[in-house]
Amino acid sequence: MICGVAGVGKSTVAWEVGCQLQVADVRHAIIDTDELDRVYPQPEQLSELVALSGRNLGALWESFAALGHSRLILSGVMLDLDADLAWINASIGNAEYTVVRLHASDETLRQRVEAREIGSGRDEQTKRTLAQAKALREQGTGRTVAVQTDGRSPVEIAREILEVTGWASVG
């Protein structure tokens, strides 16, 4: 699981992990949790939204597993890790997880979000990202592997993640 706030590099790093696994001929699937509940209108209750995400994750994973995939790169914000692990476990069953939380300085996050968000929600997204980053710093790393992204390429970060997960030597 690759998690962190908007702009930290989750999607880019997940794709790079996938590229490196592909070169090593390792079967895998990549799912961005944002896509599991991107509907309009969204369910009014958070529990309904979580249930939707869970059903979609379960269906996707069942299809991938039927093809022989046993590794999943799951990326998402995941601010409440316990709650997120609960719905993920309910969706895909017992699995071994390595949770990698990407971090970046506020200045890096601000630059990335402002470069990426070109619409009317840019200022609000920047504020939300910086507030979430602060909350995560105060929360500490807990049972996550913290990986700093400032000044590092996606290739470097992906290599570190593959080492941490033990997937670097899989082939």
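A residue counts as buried when its relative accessible area is under 20%, as exposed over 50%, and as partly exposed in between, using a 1.4 Å probe and protein chains only. At 16% relative accessibility, Ser91 is therefore buried. This is a predicted model, in which local features need pLDDT of at least 70, side-chain atom pairs count only at pLDDT 80 or more, and totals for chains, interfaces and linings use all residues. Residues are numbered from 1 along each chain as its sequence is written, and side-chain values use heavy atoms, with hydrogens and water left out.

Ser91 sits in helix α3 (residues 81–92); helices here are DSSP runs of H or I with at least four residues, numbered from the N terminus. A polar atom of the Ser91 side chain lies 3.1 Å from the backbone oxygen of Gly54. Beyond its neighbours within four places in sequence, Ser91 is in contact (heavy atoms within 4.5 Å) with Gly54, Leu57 and Gly58.

Here are the two helix pairs, with axes fitted to C-alpha atoms over the stretch in contact and angles running from 0 to 180 degrees between N-to-C directions.

| Helix pair | Angle | Axis distance |
|---|---|---|
| α2 (residues 46–66) and α3 | roughly 40° | within 8 Å |
| α4 (residues 106–116) and α5 (residues 122–139) | about 150° | 10 Å |

The α2 contact is made by Val50, Ser53, Gly54, Leu57, Gly58 and Trp61, meeting Trp87, Ile88, Ser91 and Ile92 of α3. On the α4 side, the residues touching α5 are Asp106, Leu109, Arg110, Val113 and Glu114.

Notes
Helix = DSSP H or I, 4+ residues; strand = E, 2+ residues; numbered from the N terminus. Polar contact = N/O pair within 3.5 Å; in protein donor to acceptor, adjacent residues only side chain to side chain.
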